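Below is a short briefing for a first look at this structure. Please keep the sequence and the model in view while reading.

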Amino acid sequence: MSITLHKPATRYRPPAPLGGRGAGPRRARRSLLALLFLAPALVLLGAFVAWPMLSAFRLSFTDSSGFGRESWVGFANYARVVTDPAVLRALGNTALYAALFTPAAVIVALVLALALNHPRLPLRGAFRTALFLPFVVSLAVAAFAWSYLLDPQIGLLNYWLRGAGIQLGNVLQDPALAMPTVALVAVWKNFGFYMVIFLAGLQEIPASLREAAVVDGASAWQRLVHITLPMLSNTFAFVLIVALIAALQAFDQIYVMTGGGPFGSTQTIVMEIYESGFRELELGFASALSYVLLAITLLLSLVQFVFFGRREQDMQ
Amino acid sequence: MTATDHRRPRRVHAASVMLVLGMLLAAAASLLPIAIIVFTAFKPIAEVNAYPPTLIPGEWTLENFSRIFDELPFARLILNSVVFAGGVTLFALAFDSLAAYALARIDFRGSRVLLIAIIASLMIPFQATLIPIYQLVADLGWVNTFAGLIAPRAADAFGIFFLRQFFLSLPRDLDNAARIDGASEFRIFRSVILPNAVPALLTLGIFTFVNNWNDLLWPLVFTTEAEMGTITSGLTLLTGPGGIIPQGVMMAGSLIAVLPLAVMFLMIQRRFIESVATTGMK
């Protein structure tokens, strides 16, 4: 599986039916046919993705509370996003969370995928099962389990670490450690998913390439650096984008473990959207914040696409 | 024979030992939180709060499981989770695969623009449109209904993109033969592409089911009555301020939340993991 944005689907040409590749009526017929296939998805995506996008944009310039009258407030909500210290803090916290979660999750996933793919690894199936199992646990449940493991009084992990001379204290009440902890929970839950995507990418690498390199006397390290990793670059781009986007949406385990605390140190953008939108009913402000989240997500995705698109062209 | 040739087997051996040790450590880290859920769920309350803490119960009990059904309308929450996650999965697989087929196999005007639009919408986090979606669902009178939980997710840009990629990887000879024989596109979709895409459909179906079963924010927003929540959202009601629930009870609820997915994964994992990259032509 790979991102092939610059390789258009239209490169595919159906076999020319008798009478040559269709223009005019045949083409129109194909478009109608495609529309039939696409209709259910397009209606739903239109109603629940495209329209809400436009609606959130309009709301972000109002002081709507969902009830009664709303008035146009211009850029006031956006001004609040860039001046309100609490909001700026949430933006910074989200960046910190992404900086902690994304590299850790992607690197752990890649290393473990390479290890699982190692020809001399015994019990491959058992290891794969164990490593993937956390992915079926919800972040909320993972949060319950980790909170209990890390409990300063009765937490088993805390107790074991104390035995090893490491004093963690109450990590969820420590403004410096709360964020790394909630990021760790997400790494634990998600690396298996990214690992499976890497495994699929590894299986796409033709065995003949590896065999040729072995014949040419390439060491395992050389094969990794010059064959495996370059061949994985599409998969890597895909995983990185997915992980980064997931990081920007951090919510579940934070809602459960810290509620955004202590002292707002784990308050993320989505926590802020949830609270302002569904608790304070400041729909206009929450929508402006939603658009900031959207803008950051789009920007990062575009950077990724451009960067990896260019690298892939260089390689060809 | 040189010295290097003699050294090689021993070095390889050391590397293998490191590999296995590293993997054992990774597996232990993976399994510890799951083990704590399983074991704590069967611990008597006194043991759960005892110091020093232990992993495995000294005495096994089911009291935590009966207690979770007292604390929450838990049977109803299980049903809600099944209907919500199952409904989203079935609808999304049907609608996503239809759309993906058009994008992968039908050469029509605008397909590239549409594909870019779908990939672009992949980047829209649902959290960013949650408020208008909620308003729409509320206007339709669908808050606290399965329709409100399911309909907004019954088609998914990621699913369309994922399946399109898979369909593209299927050899064209597969469907060209049918096309030359005069089969309709829908017939090719149903009889040629879908049977060959079972591994991808399973993968996507499992991801969709797991993600929805496990989602917290969505049921938190679209259900306001405890009776309409999912297991995941229901359990969080017990943790808030004022909710002092013994960890054993929380872990019993957590175990019930995890068990269906874990069993499902263990049953079909081989197919699930190995088949993403393989095609129907072997």
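The domain assignment divides chain A into domain 1 (23-52) and domain 2 (75-315); such bounds come from an automatic or database domain assignment. The centres of the two domains, taken over C-alpha atoms, are 35 Å apart. This is a predicted model, in which local features need pLDDT of at least 70 and side-chain atom pairs count only at pLDDT 80 or more, while totals for chains, interfaces and linings use all residues. Residues are numbered from 1 along each chain as its sequence is written, and chains are lettered from A and ligands numbered from 1 in the order in which they are written.

**Helix α7 of chain A**
- Helix α7(A) covers residues 178-204; helices are DSSP runs (H or I, at least four residues), numbered from the N terminus.
- At A:N190, α7(A) bends by about 40°, the angle between axes fitted to the seven residues ending there and the seven starting there.
- Because 22 of its 27 residues are buried, α7(A) is largely enclosed by the rest of the structure (buried: 20 or more other C-beta atoms within 10 Å of the residue's own, with C-beta atoms placed from the backbone).

**Contact between the chains**
- Chain A brings 87 residues to the contact and chain B 79 (in contact: C-beta atoms, placed from the backbone, within 7 Å).
- On the chain B side, helix α1 (residues 3-41) gives the most, with 14 residues.

**Confidence**
- The complex has an ipTM of 0.83 and a pTM of 0.84 from the predictor.
- Chain B averages a pLDDT of 86, pLDDT being the predictor's confidence in each residue, from 0 to 100.

Note on methods. Helices (H or I, at least four residues) and strands (E, at least two) are DSSP runs, numbered from the N terminus. The expected span of a helix is 1.5 Å times one less than its number of residues. A residue is buried if 20 or more other C-beta atoms lie within 10 Å of its own, exposed if 12 or fewer, and partly exposed in between; C-beta atoms are placed from the backbone. Two residues are in contact if their C-beta atoms, placed from the backbone, lie within 7 Å.
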